[in-house]
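Here are my notes on the model you sent over, in the order I'd go through it on screen. Have it open while you read.

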Amino acid sequence: MHSFGYRANSLLTFAVTILAFMCAIVSFSFSNQTPSAQIQILNINWFQKQPHGNDEVSLTLNITADLQSLFTWNTKQVFAFVAAEYKTSKNSLNQVSLWDAIIPEKEHAKFWIQISNKYRFIDQGYNLRRKDFNLTLHWHVMPKTGKMFADKIVMSGYSLPDAYR
Amino acid sequence: MDWQGQKLAEQLMQILLLIAAVVAFVAGYTTASFRTMMLIYAGGVGVTTLITVPNWPFFNRHPLKWLDPSEAEKHPKPEVAVSSKKKSSKK
């Protein structure tokens, strides 16, 4: 500790080490998580077979969700997306993302939105007629420091019509 | 700084940084604000730097007694027969 540079270096190193410990402790903040969501398909706008031979459908969705309980003081944002999940003879699981959003604050985490699908719902093939599928709301809780956690709510019972419209 | 001052500086630095960390964490946790915690901790690091890094007078309360140059001349070092090595004095 005999010189300016020696003391400054020692202080900085110790300060950063303590900062690392603080961040580690903060990353263990967990909340009692009780998220809820509901999705309604209001309308099937159109349902066609594309020139390449793949089915495509356009839906109007009504998404209601309350993800407020996921937020802690260590949450930077929550990334939420809705995926349609179904099985075909070619793939045991197809997941098509229909909509997503970044929720930066707790206040915005309780929402109701009615939109047509943000991303196109196109199948790998022409399997969508009379297809039963689940709509799953996935979310990723992105922390300010620490591990990111992801979870989902699966809502089943949706299906597409027999014929193209 | 003298030896006692260096020890004091090191201890002060460690204690002040730990206190800053604890205060910052408690303040951040109770206000649920990560930002508050970081700002208070940064402030604490700044204050600790101001207190412990510069060469303040209170770190030099037990100054070392170096030998006066006029005294040193009265007691010359013994000459070595074969080769003479000159020792440079410490600052």
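1. Start with the contact between the two chains, bearing in mind that this is a predicted model. Chain A brings 19 residues to the contact and chain B brings 25 residues. Together the chains bury about 1900 Å², and 84% of that is on carbon and sulfur atoms. On the side of chain A that touches chain B, the classes come out as 13 nonpolar, four polar and two charged residues.

2. What about polar pairing across that interface? The rule finds three residue pairs in polar contact between chain A and chain B, with both residues at pLDDT 80 or more. For salt bridges between chain A and chain B, the count is zero.

3. Next, the largest nonpolar core, which has 33 residues. The members that touch the most other members are L67(A), F121(A), L135(A) and L137(A). Strands β1 (36-49), β2 (55-66), β3 (75-86), β4 (94-103), β7 (132-143) and β8 (149-159) of chain A each put at least two residues into this core. As background, nonpolar side chains in soluble globular proteins tend to be buried together.

4. Leaving out residues up to four places away in sequence, L135(A) touches I39(A), I41(A), L61(A), V82(A), A83(A), A84(A), L98(A), I153(A), V154(A), M155(A) and Y158(A). Another core, of 16 residues, lies apart from the largest one. Among the residues of that other core are A15(A), F34(B), M37(B) and V45(B).

5. Then have a look at T145(A), in the loop between β7 and β8 of chain A. Is T145(A) buried or exposed? T145(A) has a relative accessible area of 15%, under the 20% limit, so it counts as buried. Not counting residues up to four places away in sequence, T145(A) touches C23(A), V26(A), S27(A) and N74(A), plus F34(B) from chain B. F34(B) is also one of the residues in the 16-residue core.

6. Over all chains, the structure holds three salt bridges. One of them joins E56(A) and R120(A), with the closest N and O atoms 2.9 Å apart. This pair links distant parts of the chain, 64 residues apart: E56(A) sits in strand β2 of chain A, and R120(A) in the loop between β5 (110-116) and β6 (121-122) of chain A. How do the two ends compare in accessibility? E56(A) is buried, at a relative accessible area of 3%, whereas R120(A) counts as exposed at 55%.

7. That loop between β5 and β6 of chain A also holds K118(A), which pairs with D100(A) in strand β4 of chain A, 18 residues apart. K118(A) counts as partly exposed, at 46% relative accessibility, while D100(A) is buried, with a relative accessible area of 15%.

8. R130(A) forms a salt bridge with D162(A), and the closest N and O atoms are 3.2 Å apart. The two are 32 residues apart, with R130(A) in the loop between β6 and β7 of chain A and D162(A) in the segment after β8. R130(A) is exposed, at 61% relative accessible area, and D162(A) is partly exposed at 48%. Do check the backbone too: phi of R130(A) is near 55°, a positive value in a residue other than glycine.

9. A32(B) is found in the loop between α1 (3-31) and α2 (34-52) of chain B.

10. Last, chain B as a whole. What elements does chain B have? Chain B has three helices and zero strands, running α-α-α from the N terminus on. Of the 91 residues in chain B, 24% are buried. Among contacts in chain B between residues at least 6 apart in sequence, 66% join residues at least 24 apart.

Methods:
Residues numbered from 1 in each chain as written. Chains lettered and ligands numbered in written order. Predicted model: local features only at pLDDT ≥ 70, side-chain atom pairs only at ≥ 80, totals over all residues. Heavy atoms only, no water. Contact = heavy atoms within 4.5 Å. Buried area = accessible area lost by both parts, 1.4 Å probe. Salt bridge = Lys/Arg side-chain N within 4 Å of Asp/Glu carboxyl O. Polar contact = N/O pair within 3.5 Å; in protein donor to acceptor, adjacent residues only side chain to side chain. Nonpolar A, V, L, I, M, F, W, Y, C, P; charged D, E, K, R; others polar. Core = buried A, V, L, I, M, F, W, Y, C linked by side-chain atoms within 4.5 Å. Buried < 20%, exposed > 50% of the residue type's maximum accessible area, 1.4 Å probe, protein only. Helix = DSSP H or I, 4+ residues; strand = E, 2+ residues; numbered from the N terminus.
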